[in-house]
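Colleague: Can you walk me through this model? I would like the overall layout before the details.

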Amino acid sequence: MSTTDPRHYDVLVAPVITEKATTASEHNKVVFKVARNATKPQIKEAVEKLFDVKVKRVSTLIRKGKFKVFKGRIGEQQSTKRAIITLEEGHRIDVTTGL
């Protein structure tokens, strides 16, 4: 595995494990929560260095925070930035094993 920069761990926050993300993995895509100030080239470099794979494309989106009521109190969830990473053919990331 190639040398990694500690800043790569700050770019990728956590994998997203949802039904929609699981179905996307069938099409060679992986979804990660990323830092709000992370750019597409930074995300691509972090994934390639940390998981030793070849990234084809990076798409990002910002999921807006929602207002929720919990035990009569109103709270707001934080907005999060997510990255959908499309991998080259033959490359795989198993997010359940961790780093």
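Predicted model: local features only at pLDDT ≥ 70, side-chain atom pairs only at ≥ 80, totals over all residues.

Colleague: How many helices and strands does the chain have?

Modeller: There are 3 helices and 6 strands. Their order along the sequence is α-β-α-β-α-β-β-β-β.

Colleague: What does the C-alpha trace span along its principal axes?

Modeller: The span is about 50 × 30 × 25 Å.

Colleague: And what share of the residues is buried?

Modeller: Of the 99 residues in the chain, 29% are buried.

Colleague: What about contacts, how many join residues at least 24 apart?

Modeller: Counting contacts between residues at least 6 apart in sequence, 61% join residues at least 24 apart.

Colleague: Switching to pockets. How much space is in the largest pocket?

Modeller: About 250 Å³. Its lining consists of 17 residues, and those nearest the centre are Ala 21, Ser 25, Lys 29, Ile 93 and Val 95. The elements giving two or more residues to that lining are α2 (19-25) and β2 (29-34).

Colleague: What classes of residue make up the lining?

Modeller: The lining has 8 nonpolar residues, 6 polar ones and 3 charged ones.

Colleague: Next, salt bridges. How many does the structure hold?

Modeller: It holds 1 salt bridge. The partners are Asp 5 and Arg 7, and their closest N and O atoms are 2.6 Å apart.

Colleague: Is Arg 7 buried or exposed?

Modeller: Arg 7 has a relative accessibility of 58%, so it counts as exposed. Asp 5 has a relative accessible area of 24% and is therefore partly exposed.

Colleague: Why only partly, for Asp 5?

Modeller: Because 24% falls between the cut-offs, under 20% for buried and over 50% for exposed.

Colleague: Last one, Ser 59. Where is Ser 59 found?

Modeller: Ser 59 is in strand β3, which covers residues 55-63. At 22% relative accessibility, Ser 59 counts as partly exposed.

Colleague: Which residues is Ser 59 in contact with, leaving aside neighbours within four places in sequence?

Modeller: Those are Lys 40, Arg 82, Ala 83 and Ile 84.

Colleague: And how far apart are Ser 59 and Ile 43 in space?

Modeller: They are 9.8 Å apart, C-alpha to C-alpha, with a separation of 16 residues in sequence.

Notes: Residues numbered from 1 in each chain as written. Heavy atoms only, no water. 1 Å grid on protein atoms, 1.4 Å probe; cavity = no way out; pocket = protein on both sides within 12 Å on 5 of 7 lines; lining within 4 Å. Points joined across faces, edges and corners; volume = space filled by probe spheres on them. Helix = DSSP H or I, 4+ residues; strand = E, 2+ residues; numbered from the N terminus. Nonpolar A, V, L, I, M, F, W, Y, C, P; charged D, E, K, R; others polar. Buried < 20%, exposed > 50% of the residue type's maximum accessible area, 1.4 Å probe, protein only. Contact = heavy atoms within 4.5 Å. Salt bridge = Lys/Arg side-chain N within 4 Å of Asp/Glu carboxyl O.
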